[in-house]
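Open the model in your viewer and try each task before reading on.

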Amino acid sequence: MNHSIWIVIAVFFPILCGAAVLILPVFRERARLIRMTGIALAVTAALAMLVTFGGEKELLLLQFGDNLKIFFRVDALGRLYAVIVSLVWVLAGVFSFEYMKHEQEEKRYFGFYLIVYGVLLALAFSGNLITFYVFYELMTLTSLPLVLHTRTREALMAGMKYLFYSLCGAYMVLLGIYFMNQYAVTLDFTAGGSLDMTRVVGHEGMLLVIAFFMILGFGVKAGMFPMHAWLPTAHPVAPAPASAVLSGLIVKAGVIGVIRTVFYVIGPDFLRGTWVQTTWLVLTLITVFMGSMLAYREKLLKKRLAYSTVSQASYILFGLALLQPQAMTGSLLHIVFHAIIKSCLFLSAGAIIYRTGRTRVDELTGIGKEMPVTIWCYTFASLALIGIPPASGFISKWYLATGSLESGISVFSWLGPVVLLVSALLTAGYLLPITIKGFLPGADYDYKSLKKLEPVKTMTIPLAILAALAVLLGVFPNPLTAYLSGIVSAVL
């Protein structure tokens with residue numbers, strides 16, 4: 001068998017399993033549904049790792065004309081995304097087995113959950129901008145049912161908002177693809193970019209506008225201002241495990257799209273020092289501060305975490321916009337760390353809602369006494385997101401801050417670290433009070449009526465694994481940092 005065919009198997013196996021779950025009536029029985037989903041998740045993760053660690057692979061699926069083709073290729077950035085997708089998707093899936101008992105339409109949820117897993121693997125292994133765009137659109141359409149799952153009026157409005165914003169962003173990217181096809185040597189992902197400068201001469205201004213539209217288009221999924229409003233609306237209405245993967249992974253698909261566009265098609269040298277870079281930096285810093293401030297003011301727990309994602313995703317975009325090696329390393333580190341941390345936080349919120357029904361922050365006094373394992377996991381993830389050493393968030397933010405200081409870009413070289421520091425203080429302000437009031441409820445707390453509400457192991461074990469990773473990746477960052485430095489050195 002051609003070794004490259006494993007890419008297709010890894011991508012389409014969960015899609016076919018998800019379709020079977022949706023269509024076949026045999027999976028109306030819950031035991032069979034859970035068994036099928038668990039097997040599909042385990043097999044898909046094994047296949048993804050086989051492809052990821054099996055060396056360089058490339059496989060052509062379809063070709064239209066001379067230079068328009070859909071094909072898969074495994075490269076260093078794709079491996080990174082495939083591994084983090086598989087890790088979080090499997091853990092959130094295991095969490096879902098118990099959590100979804102109190103939700104309706106489990107069959108629909110798990111069917112689309114498997115399908116989106118396959119689509120995200122296809123994004124990771126996309127070999128060019130055409131392939132990436134096709135599966136990027138599919139990701140929006142197949143993840144929409146996860147947002148709409150409860151079918152309440154709030155969920156329907158959030159789903160429509162998610163779809164409208166996502167399609168607007170995708171059409172900006174599509175416009176860019178039309179132009180890039182004319183001015184690039186190839187749309188295949190090429191480290192450092194593939195623009196044909198002989199064709200570009202005389203059209204630089206127009207291409208800068210197109211580049212900005214593409215960054216803004218992919219930035220929609222990443223929650224970058226001014227196209228961020230869908231995220232704090234859509235994430236809170238979805239089931240908690242779906243919120244975890246939406247925040248931890250689907251938002252990152254927009255970030256990966258930006259990386260592919262800027263560093264693998266357009267090329268960083270074309271944007272360095274231009275109005276596009278300046279505007280991009282301004283938008284990211286606005287988003288970082290605005291998201292943190294809105295999270296600090298928000299009282300609903302899941303919506304607070306959603307606003308936090310708006311802020312934290314733009315940490316990554318800020319590092320990318322600096323077009324500086326150390327800052328880009330920090331951005332790639334934060335892709336990994338934020339996916340783990342925010343998934344842990346959303347799953348913790350889900351465990352609280354599942355066991356207590358409480359959704360507001362001011363209702364969580366004493367929650368640490370009732371659910372100590374859950375809140376300890378929440379606390380470790382919170383410390384990592386704030387950037388308290390030696391947790392993982394400290395490492396990525398250190399790289400971002402030092403990269404900004406060394407970038408030499410006027411104003412932004414010092415303004416960036418200042419905004420990141422203010423955001424970190426706000427992050428502590430909206431995450432840690434839950435821990436403090438949870439474990440130290442005060443003298444007025446009724447200890448006599450205290451009940452132990454810890455969820456079952458299929459919910460606490462994924463939480464514990466994610467919380468442990470949030471800390472351990474900061475204690476032992478060198479292997480990951482070395483791997484990411486190789487990606488950065490190839491494109492900058």
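**Exercise 1. Find the helix that gives the most residues to the lining of the largest pocket, then describe that pocket.**

Step 1. The helix is α9, with four residues in the lining of the largest pocket. Helices here are DSSP runs of H or I with at least four residues, numbered from the N terminus.

Step 2. A word on the ground rules: this is a predicted model, in which local features need pLDDT of at least 70 and side-chain atom pairs count only at pLDDT 80 or more, while totals for chains, interfaces and linings use all residues. Residues are numbered from 1 along each chain as its sequence is written, and side-chain values use heavy atoms, with hydrogens and water left out.

Step 3. The largest pocket holds about 410 Å³ of space. Its lining has 21 residues, and the closest to the centre are Glu 154, Pro 236, Val 237, Ala 238 and Lys 302. On a 1 Å grid over the protein atoms alone, a pocket is an open set of points with protein on both sides within 12 Å along at least five of seven lines, whereas a cavity is a set where a 1.4 Å probe fits but cannot get out; lining residues have an atom within 4 Å of a point. Grid points are joined across faces, edges and corners, and the volume is the space filled by probe spheres set on the points.

Step 4. At least two lining residues come from each of α6 (153-183), α9 and α13. Sorted by class, the lining has 11 nonpolar, five polar and five charged residues. Here Ala, Val, Leu, Ile, Met, Phe, Trp, Tyr, Cys and Pro count as nonpolar, Asp, Glu, Lys and Arg as charged, and the others, Gly among them, as polar.

**Exercise 2. Count the cavities of 30 Å³ or more and list what lines the largest cavity.**

Step 1. The count comes to one cavity of 30 Å³ or more. The largest cavity has a volume of about 30 Å³.

Step 2. Asn 67, Asn 181, Ala 184, Val 185, Thr 186 and Leu 187 line the largest cavity. By class, that makes three nonpolar, three polar and no charged residues.

**Exercise 3. Leu 323 has a positive phi: is its side of the story buried or exposed?**

Step 1. Phi of Leu 323 is near 55 degrees, and the residue lies in the loop between α13 (301-321) and α14 (325-356).

Step 2. Leu 323 has 5% relative accessibility and so counts as buried. Buried means under 20% relative accessible area, exposed over 50%, and partly exposed in between (1.4 Å probe, protein chains only).

Step 3. Now try Val 411, with phi near 70 degrees, in the loop between α17 and α18 (412-439). Val 411 is partly exposed, at 42%.

**Exercise 4. Work out which residues of α20 are buried and how they are arranged around the axis.**

Step 1. Helix α20 (residues 478-491) has 14 residues and reaches 20 Å from its first C-alpha to its last, close to the 20 Å expected. The expected span is 1.5 Å times one less than the number of residues.

Step 2. Leu 480, Thr 481, Leu 484, Ile 487, Val 488 and Val 491 are buried in α20. They cover an arc of only 120 degrees, so they are on the same side of α20. The arc is that of the directions from the helix axis to the C-beta atoms.

Step 3. Asn 478, Pro 479, Ala 482 and Ser 489 are exposed on the other side of α20.
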